[in-house]
Amino acid sequence: MFREEPDIADRHYWLETMVNHIPDYIYAKDLEGRFLIANRATVIDNGFEEMQDLIGKTDYDLHPSHLVDEIVATERQVVETGKPVFGVEERALVDKGVERWLMTSKVPLRNQQGATIGVVGVSRDITDRKRAERLLLGQARLLELVAKGVPLNAFFHELILLIETHLPGIIGSVLLLSADKQHLVTGAAPRLAAAYCAAIEGVAIGPKVGSCGTAAWRGEPVYVSDIHTDPLWEDYVDLVRPFGYRSCWSMPIRSYKSQVFGTFALYSCVPGDPSVEQLELISMAAHLAGIAIERHQTEEHIQFMAHHDALTGLPNRLLFEERVAEILAKALRNGEWVALAFLDLDNFKLINDTLGHHAGDELLRAVAGRMLGCVRKQDMVVRVGGDEFIIVLNGLPANAEIVLSRLEDIRVAIGAPMTLADRSVHVSCSMGVACYPDHGETANELLANADSAMYWAKEVGRNNLQLFDVRLAARANEKLKSQEELRDAVANDQLVLHYQPQMNLKTGRIFAAESLLRWRHPERGLVSPGDFIPLAEETGLIVPIGDWVLCEACRQNKSWQDAGLAPIVISVNVSARQLRERHWVSRVAEVLKETGLEPRYLELELTESLIMQDVASAVSIMHELEALGVHLAIDDFGTGYSSLSALKSFPVRRLKIDRSFVQDIPGDEDDKAITGAIISLAQKLQIEVIAEGVETQAQVDFLRASGCDDIQGYFISRPVEPDALVGLLRADALQAGHAPLPIAAA
């Protein structure tokens, strides 16, 4: 049985039916752009009921010419080249109330002889895809604004405009919680009526405060479909009625920890619930707003931390320097005085050491609070560091008695009793005062003069206030001169190193030398470090000086090795400022590489008190140095406050017993007991011990009998210049070639 073949009419009917059921545009045009045929989607969207009504018309007959020109140009290109175009994105001529986009492909229409007689076009609506792309681009743009740290109101403005672009007829707003977390203030609402925004500004949140006030109160979305009838708007319906808003959908803006920052809301003049798309956009907008607010708060926190002391919350030196010039300029304009007081707590270290660092921190916070309670909002209280503070009183009359009276009140307030660690304590302060313009015209001059006055207050007995005068100016100038001379010493190679040998008690051999800094002053001669190191520490010059010492000691040691001397270990002292320098370990490695000295021939000496300032940080740095292969020693051991639990974690090779314990041996039984205990402790921890300041045979005998490994001091040699040390090393090597001599003869 054979099936009947469909005739041509059936096929045409099926084809026409199939094409007319396709929602895409399908059409053909002649060479003049006149429609030859079109499916139903094309006919209907162009405003006709039947295809016959469209046939023979061009796009110019149906739409504005400025919209048609680009489409016609594409069709002309297809006709003239005979080449099809695929996937062209173009704006639809029919908008249906919203902007629409089509993806169009056009191919030449040919007759049976192959001649081009027009074009065939197929267009698909890609409006949803284009809107999604625009939304993604908008989101990317907003995240870029967050990354750039634009002001929050500018970000919210852009965010709302993005949402409003995707939701015609919808109006967006951002309301933020006030500082007390109880009220809402406008973050941005570019198209919301200004009078309405003003009317709701500062509204208190609550369980029945419209959409936004309730959403912020509940911490959950509130979607009101009709403002006129919803009970949440009952108290505000008369307020909103004149503006025509009928629905309001609000979502809380949250942090990643779910803290509510405010609300994002959409208003409509038409009652109704939000669509799925609208809900998605509200959620997205609230999420982006939360990201922006958190970034802003983080930046504010970073800025605050950069300009404030972490412990007390007071302004720090950086903020002081930024503001003080403005304060002085204002005083100059108004003919007023500015008082700058520099103060230092007199017995802070005793309290810190006795009651612990936690109590010390509590004390500093209490003192900060007392000072803040004595000054006006326009004044400044600054924590410089440690237990040092600056007080700036501005807008003062030119009256020294008034200035000193106010500062004396602050000093007395600081000294009032307080309870720390369940103990009543008193803390006094020494305060130096300099007044603008009499005692200086710049912040640096005032600070230097107040500092001089403060040190004078300490010298005359502490717990008092001193006003700067000319005597202090002379002292300050002398100090400034010394600073400049020390800078010149660094720049003009006036610093030299002397070396004091170290001897092993078992072998009697010199195996190491400590590098000791000297200043060859052009007028004062050779200056010992005790006379200028404190100034170097204070000015920060200790960092470049310490770097020079490290480089020179390593270079010198390598040059001795290159000259054929037996290798020795060179010891270099490390300052607290150096240890706090970023990348200091890397600098040590760099110096070793530059000089060619093997790490095992370098020993770095850290004082016990330096390590105990921040044990965790110091131990971490010590492990990094140990990894380089550098040896470590604790200098002046026994004078600090090391605990045994801390000591066992130190990756050190040697303990250096401070000379204060050695100088009275063997006559002082206490010193003998302490020294013996240190040696015994070190032996149990498998740490070598070297005693400093050894001068007599009796001291040597006691140290050897106690198990001490090494000694350093005048018994071997005073600190000597490099050439003299070479002589000692050569003599030591020559002696080593003979029978061992009594150690006293070394």
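User: Why does K181 count as partly exposed?

Analyst: In this predicted model, K181 has a relative accessibility of 39%. Buried means under 20% and exposed over 50%, with partly exposed in between. The value of 39% falls between these limits, so K181 counts as partly exposed. K181 is located in the loop between strand 6 and strand 7, and its phi is positive, about 65°, although K181 is not a glycine.

User: D493 also has a positive phi. What makes D493 exposed?

Analyst: Its relative accessibility is 63%.

User: Why are helix 6 and helix 7 called roughly antiparallel?

Analyst: The axes of helix 6 (residues 127–148) and helix 7 cross at roughly 175° and come within 10 Å. Angles over 145 degrees count as roughly antiparallel, and therefore the term applies to this pair.

User: Which residues make that contact, and how is it made up by class?

Analyst: Helix 6 contributes R131, R134, L135, G138, Q139, L142, L145 and V146, while helix 7 contributes F155, E158, L159, L162 and H166. By class, the contact has seven nonpolar, three polar and three charged residues.

User: What is the strand order of the open sheet of six strands, and in which sense do the strands pair?

Analyst: The order is 8-7-6-11-10-9, and the pairing is antiparallel.

User: Why are strand 8 and strand 9 said to stand at the edges?

Analyst: Strand 8 (203–204) and strand 9 (222–224) each have a single partner strand, so one side of each lacks a neighbour in the sheet.

User: Which strands does helix 11 touch?

Analyst: Helix 11 (residues 276–307) packs on the sheet and touches strand 6, strand 9, strand 10 and strand 11. The direction of helix 11 makes about 35° with that of strand 10.

User: Which strands does helix 7 lie across?

Analyst: Helix 7 (residues 152–166) lies across strand 6 (170–177), strand 7 (183–188) and strand 11. Helix 7 runs at about 150° to strand 6.

User: The structure holds nine aromatic pairs. What makes Y196 and Y245 an edge-to-face pair?

Analyst: The ring centres are 5.5 Å apart, and rings pair if their centres lie within 6.5 Å. The planes stand at 70°, and over 60 degrees counts as edge-to-face, so the pair takes that term.

User: What does the pair of Y196 and Y245 tie together?

Analyst: Y196 lies in helix 8 (residues 194–200) and Y245 in the loop between helix 10 (237–240) and strand 10, so the pair ties together parts 49 residues apart in sequence.

User: How do you know whether Y196 and Y245 are buried or exposed?

Analyst: Buried means under 20% relative accessible area. Y196 has 1%, so it is buried. Y245 has 4%, so Y245 counts as buried as well.

User: What geometry do Y196 and Y267 show?

Analyst: Their centres are 5.7 Å apart and their planes stand at 80°, an edge-to-face pair. This pair links Y196 in helix 8 with Y267 in strand 11, 71 residues apart. Both Y196 and Y267 are buried. Ring pairs link Y196, F243, Y245 and Y267 into a cluster.

User: Why is strand 24 described as largely enclosed?

Analyst: Of the seven residues of strand 24 (residues 631–637), five are buried, so the rest of the structure largely encloses this strand.

User: How do you know that strand 24 pairs with strand 23 and with strand 25?

Analyst: The requirement is at least two bridges. Strand 23 (residues 602–607) and strand 24 run parallel and are joined by five bridges, with L604 bridged to L632. Strand 24 and strand 25 (residues 654–657) pair in the parallel sense over three bridges, with A633 bridged to R654.

User: What is the omega of the cis peptide bond from Y436 to P437, and what is the omega of the one joining I665 and P666?

Analyst: Omega is near 10° from Y436 to P437 and about 10° between I665 and P666. P437 is in the loop between strand 17 (429–436) and helix 16 (443–459), and P666 is in the loop between helix 25 (659–662) and helix 26 (669–684).

Technical notes: Residues are numbered from 1 along each chain as its sequence is written. This is a predicted model: local features need pLDDT of at least 70, side-chain atom pairs count only at pLDDT 80 or more; totals for chains, interfaces and linings use all residues. Side-chain values use heavy atoms; hydrogens and water are left out. Helices (H or I, at least four residues) and strands (E, at least two) are DSSP runs, numbered from the N terminus. Contact means heavy atoms within 4.5 Å. Axes are lines fitted to C-alpha atoms, for helices over the stretch in contact, and angles run from 0 to 180 degrees between N-to-C directions. Angles under 35 degrees count as roughly parallel, over 145 as roughly antiparallel, 65 to 115 as roughly perpendicular and the rest as oblique. Ala, Val, Leu, Ile, Met, Phe, Trp, Tyr, Cys and Pro count as nonpolar, Asp, Glu, Lys and Arg as charged, and the others, Gly among them, as polar. Rings of Phe, Tyr and Trp (its six-membered ring) pair if their centres lie within 6.5 Å; planes under 30 degrees apart count as stacked, over 60 as edge-to-face and the rest as tilted. Buried means under 20% relative accessible area, exposed over 50%, partly exposed in between (1.4 Å probe, protein chains only).
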